[in-house]
Amino acid sequence: RATFMPKPIQGLTGNGCHAHISVWDSATGRNAFADDTKELGLSDSGRAFLGGIMKHASALAVITNPTVNSYKRINAPRTLSGATWAPNTVTWTGNNRTHMVRVPGPGRFELRLPDGAVNPYLLQAVIIAAGLSGLKSNADPGPRHDIDMYAEGHRIEGAPKLPLNLLDAIRAYDADPGLKAAMGAEFSAGYLKLKMQEWNAFVNHFSHWERDNTLDI
């Protein structure tokens, strides 16, 4: 059976929807993110756009990871392969697939946060919104880390953790007025209302886990 469910099988890797991001000048055909003289070949504009993604990462999650199940992928323990291949911390790196953002080569970067349940249209919109915010403020993406996040992530201090669940993601988005405004006040209010309804439906559901672990207390 085919599924886009972010984490359909416990112990195995989930379904991601990674986005490779670059910005091109339609008049000249030039990649605005490419500059061979800069770190990892990422121009000042590309770095600021990345800075916007990093700044708004926790708020992005409610759109890039839109279901209750999504957070079983990005906060999963190691799988049978030895890694989850999904991020749990807001970090960026070079050609290293254990971080939220990877810069695999000059002029582009890969956002590894989104999962298979994401709406592809909202994904493009929220990436652009966060990136434009970064360009406007010349946002700094922060230090680059090149360690294996699955083996040594505990060594990094100060990097924000991604939301632990859908409720945390809802709250992060609601606390980000800049991103809400960029996505549109009417859309943001309606989207948050829908996601709260989904969260409330989830917490009101009595699960087998609850019966198995608390019935005989």
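**Exercises: strands and a helix pair**

In strand β4, the bridge partner of V101 is L111. The model is predicted: local features need pLDDT of at least 70, side-chain atom pairs count only at pLDDT 80 or more, and totals for chains, interfaces and linings use all residues. Residues are numbered from 1 along each chain as its sequence is written, and side-chain values use heavy atoms, with hydrogens and water left out.

**Exercise 1.** Find the strands that pair with β4.

*Solution.* Step 1: strands are DSSP runs of E with at least two residues, helices are runs of H or I with at least four, and both are numbered from the N terminus. Two strands pair if DSSP finds at least two bridges between them.
Step 2: β3 (residues 101-105) pairs with β4 in the antiparallel sense over three bridges.
Step 3: β1 (residues 19-21) is also antiparallel to β4 (residues 108-111), with three bridges. Here A19 has L111 as its partner in β4.
Step 4: the hairpin of β3 and β4 has two residues between the strands, and G107 takes a positive phi near 85 degrees.

**Exercise 2.** Describe how α1 and α4 pack.

*Solution.* Step 1: axes are lines fitted to C-alpha atoms, for helices over the stretch in contact, and angles run from 0 to 180 degrees between N-to-C directions.
Step 2: α1 (residues 44-55) and α4 (residues 120-137) pack at about 120 degrees, with axes 6 Å apart.
Step 3: contact means heavy atoms within 4.5 Å. Residues making this contact include A48, F49 and I53 of α1 and I127, I128 and L132 of α4.
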